[in-house]
Amino acid sequence: MKKRILSAALAAMMTAAMLVGCGSSSSSSESTEAATQTEESTEAETSSEAAEESSDYTIESGVLMVGMEIGYPPMEYFDEDGATPIGYDVEVATALAEVLGLELEIVDTAWDGIFAGVTTDKYDCIISCVSYTEDRDNNYLLSSPYVANAPVIVVPNDSEIADIMDLEGMAVAVQMETTADYLIQEYIENGLDTDLRQYEKVINAFDEIKAGRVDAVCTDSVVASYYLGDEATNYKTVWQSDEKEPIVICMKQGNEALAEKINEGMAELFENGTMAELAVKYFGTEDVIEGLAEGFGVE
């Protein structure tokens, strides 16, 4: 009889325990689900608030429109499908829009009209390997630098050119209206007798040197390293300007609110390691961003 009573009591206790356990599991599941929904709701509200706030500094509420000349590897170029933008600047723009809580819209724009486009509100900013110059600083709002850069001269390995002054009597290719173009023009104005050949795309300049139709290419150091790539055994960099031309984000004058947001967003990308990851991915080293985080207020 005691056995039956004990068994019944034990069964009742086990049943109660199971019921308590089930109730606890259900409660825990409901609590987790509620927490997830709350988190998603908070993220949605934050994103919505950021989008609404952006109407004060972006052309289209909730959208960061970026002007970009998609033809300047490794900074920005099309994937093999010929339609998908990829590259360092593309990923920087994508990450920046994300931390600002905005959607990204890339506006593919020819380089010779890209600055006019930001002034006339065709897009909010330019993220397209824009080198810092004093003239640009006087006419636009520029972010702190996010890539270190300098003009270089690239020649075939068997070339006797060793310095920019050795371009005397030589043909040098550049992308038109770039700082490399302006640099060679300045040397010409100061007496250097060189045959300057300007092309719409930087890839055209490298096609010319590979075909043997020019003796050298003047371009950005970050671009030269990419284009040489597998051809590094055939070409070499023989000269680099002492004057650095750091890469910046360009906005029209008067939009200080956007400039502040962009600098805040870039500071976060430096702080969370995104910029370091992208530097290694595209340039093989963090040297190209060394010391630049300080400009964005990152300790």
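The second largest cavity is lined by Glu-69, Ala-110, Trp-111, Asp-112, Met-176, Glu-200 and Lys-201. A cavity is a set of points, on a 1 Å grid over the protein atoms alone, where a 1.4 Å probe fits but cannot get out, and lining residues have an atom within 4 Å of a point. This is a predicted model, in which local features need pLDDT of at least 70 and side-chain atom pairs count only at pLDDT 80 or more, while totals for chains, interfaces and linings use all residues. Residues are numbered from 1 along each chain as its sequence is written, and side-chain values use heavy atoms, with hydrogens and water left out.

**Cavities**

- The second largest cavity has a volume of about 60 Å³, where a volume is the space filled by probe spheres set on grid points that are joined across faces, edges and corners.
- Its lining comprises 3 nonpolar, no polar and 4 charged residues; Ala, Val, Leu, Ile, Met, Phe, Trp, Tyr, Cys and Pro count as nonpolar, Asp, Glu, Lys and Arg as charged, and the others, Gly among them, as polar.
- The structure holds 4 cavities of 30 Å³ or more, and the largest cavity contains about 100 Å³ of space.
- The largest cavity has 13 lining residues, of which Tyr-72, Trp-111, Cys-129, Thr-178 and Asp-220 are the closest to its centre.
- At least two residues of the lining of the largest cavity come from each of β5 (125-131), α5 (179-189) and β10 (216-220), and β5 gives the largest share, 3 residues.
- By class, 4 nonpolar, 6 polar and 3 charged residues make up the lining of the largest cavity.

**Largest pocket**

- The largest pocket holds about 460 Å³ of space; a pocket is an open set of grid points with protein on both sides within 12 Å along at least five of seven lines.
- The pocket is lined by 20 residues, and the closest to its centre are Thr-133, Thr-179, Tyr-182, Leu-183 and Glu-245.
- Both α4 (134-139) and α5 supply at least two residues of this lining, with the largest share, 5 residues, coming from α5.
- The lining of the largest pocket has 8 nonpolar, 5 polar and 7 charged residues.

**Chain and helices**

- The protein chain has 9 helices and 12 strands, taken as DSSP runs (helices H or I, at least four residues; strands E, at least two) numbered from the N terminus.
- Of the 299 residues in the protein chain, 44% are buried, meaning under 20% relative accessible area, with exposed over 50% and partly exposed in between (1.4 Å probe, protein chains only).
- Among contacts in the protein chain with a separation of 6 or more, 72% join residues 24 or more positions apart; a contact means heavy atoms within 4.5 Å.
- Helix α7 (residues 221-228) is largely enclosed by the rest of the structure, because 6 of its 8 residues are buried.
- The buried residues of α7 are Ser-221, Val-222, Val-223, Ala-224, Tyr-227 and Leu-228, and their cover includes β5, β7, α6 (202-210), β10, β11 (235-240) and α9.
- In α5, the buried residues are Thr-179, Ala-180, Asp-181, Leu-183 and Ile-184.
- Gly-191, which follows α5, has a positive phi near 110 degrees.

**Nonpolar cores**

- The largest nonpolar core has 60 residues, and Tyr-88, Leu-96, Tyr-146, Met-266, Phe-270 and Met-275 have the most contacts inside it.
- Apart from that core lies another, of 15 residues, including Ile-164, Leu-167, Ile-184 and Cys-218.
- A nonpolar core is a set of buried Ala, Val, Leu, Ile, Met, Phe, Trp, Tyr and Cys residues joined through side-chain atoms within 4.5 Å.

**Aromatic pairs**

- The count comes to 6 aromatic pairs; rings of Phe, Tyr and Trp (its six-membered ring) pair if their centres lie within 6.5 Å, and planes under 30 degrees apart count as stacked, over 60 as edge-to-face and the rest as tilted.
- Tyr-88 and Tyr-146 are stacked, because their ring centres lie 6.3 Å apart and their planes are at 5 degrees.
- This pair links distant parts of the chain, 58 residues apart: Tyr-88 is in helix α2 (residues 88-99) and Tyr-146 in the loop between β6 (140-142) and β7 (151-156).
- Tyr-88 is buried at a relative accessible area of 0%, and Tyr-146 is also buried at 0%.
- Phe-270 and Phe-296 are stacked, because their ring centres lie 5.3 Å apart with planes at 25 degrees.
- Phe-270 lies in helix α8 (residues 256-271) and Phe-296 in the segment after α9 (274-283), so this pair ties together parts 26 residues apart in sequence; both Phe-270 and Phe-296 are buried.
- One aromatic cluster is formed by Tyr-88, Tyr-146, Tyr-282 and Phe-283.
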